[in-house]
Amino acid sequence: MTIRPIVITGDPVLHRRAEPVQAFDAELAELIADMFETMDAANGVGLAAPQVGVGLRIFTWQMDNDDDVPALGVIVNPYVTASKPAQEDPDPHEEVEGCLSVPGESFPLKRGERASVTGYDADGREISFEATGWFARCMQHEYDHLNGFLYVDRLNDKWGKKARKAVKKAGWGGPGQSWMPGVDPDPFGHDSPDEHDL
């Protein structure tokens, strides 16, 4: 298993639709093992393959949930449908997201409270489950990555403007930028394993 660099917003792989996985083989198993290792080293609760520079439709998660879904998992070629988010503004204290590909930043975003998830496990077996609450948020966030979107692309006008300023100030927005979990300082300054980002 290898910890891989996490690419930062502006890299083309993050902004295009990922390709379906065609073969459940040793190469896929190695990628999934690396993703788990990278997610853990980055203190993340989710990681999509494009975030490690691979344009394939895979994401991993490590998140306790109330939905009887294993806290550690992977899904290949997923399809996620979510309930519509409420129309009011997001709560700036209770609905804040972060992203390992927008390191160190976090902004409020409304998401659907429920999500239906289908796809395949690492061995090609079909899986299907319902996610609620923050686990549903995680599923939506990671699925967005596979379709070329970051959570900052979904922010309302107020928070979107702040996010664009933060990205510009950090000098992001172009190809070739990344950070290395376990080597570079944790961009979110996690002191507790209970505080994670997607």
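Trainee: Let's start with Asp 123: is it buried or exposed?
Mentor: This is a predicted model, where local features need pLDDT of at least 70, side-chain atom pairs count only at pLDDT 80 or more, and totals for chains, interfaces and linings use all residues. Residues are numbered from 1 along each chain as its sequence is written, and side-chain values use heavy atoms, with hydrogens and water left out. Buried means under 20% relative accessible area, exposed over 50%, and partly exposed in between (1.4 Å probe, protein chains only). Asp 123 comes out at 56% relative accessibility, so it counts as exposed.

Trainee: OK, and which residue does Asp 123 meet in a salt bridge?
Mentor: A salt bridge is a side-chain nitrogen of Lys or Arg within 4 Å of a carboxyl oxygen of Asp or Glu. For Asp 123 the N to O distance is 3.2 Å, and the partner is Arg 125.

Trainee: How many salt bridges does the structure hold?
Mentor: Some of them share partners, which joins Glu 88, Glu 95, Glu 97, Lys 110, Arg 111, Arg 137, Asp 144 and Arg 154 into one network. Across the structure, the number of salt bridges is ten.

Trainee: Take Glu 97 and Arg 137: how far apart in sequence are the parts that this pair ties together?
Mentor: Their side chains meet in a salt bridge at 2.8 Å, N to O. Both ends are buried: Glu 97 has a relative accessible area of 1%, and Arg 137 has 5%. Helices (H or I, at least four residues) and strands (E, at least two) are DSSP runs, numbered from the N terminus. Glu 97 sits in strand β5 (residues 96-98) and Arg 137 in helix α2 (residues 133-146), so the separation is 40 residues.

Trainee: Asp 67 is buried without a salt bridge; which side chain of opposite charge is nearest?
Mentor: Lys and Arg count as positive and Asp and Glu as negative, while His and the chain ends are not counted. So for the negative Asp 67 we look for a Lys or Arg. At 6.0 Å away, the nearest is Arg 114.

Trainee: What's the relative accessible area of Asp 68?
Mentor: Asp 68 is also placed in the loop between β3 and β4, and its phi is near 60°, a positive value in a residue other than glycine. Asp 68 is exposed, with a relative accessible area of 80%.

Trainee: And what is the phi of Asn 43?
Mentor: Asn 43 is found in the loop between α1 (26-41) and β2 (46-48), and it is partly exposed at 23% relative accessible area. Asn 43 isn't a glycine, yet its phi is positive, at about 60°.

Trainee: Which residues gather in the patch of positive charge?
Mentor: Patches are made of residues with over 30% relative accessible area and no salt bridge; like charges are joined within 9 Å, nonpolar side chains (Val, Leu, Ile, Met, Phe, Trp, Tyr) within 5 Å. Areas come from the Shrake-Rupley method with a 1.4 Å probe, and for residues only the protein chains shown count as cover; a charge is placed at NZ of Lys, CZ of Arg, CG of Asp or CD of Glu. One member is exposed Lys 158, at 53% relative accessibility, in helix α3 (residues 157-170). On the surface, the gathered residues are Lys 158, Lys 161, Lys 162, Arg 164 and Lys 165.

Trainee: How far apart are the C-alpha atoms of Lys 162 and Phe 107?
Mentor: Lys 162 is found in helix α3 and counts as partly exposed at 41% relative accessibility. Along the chain Lys 162 and Phe 107 are 55 residues apart, while their C-alpha separation is 8.6 Å.
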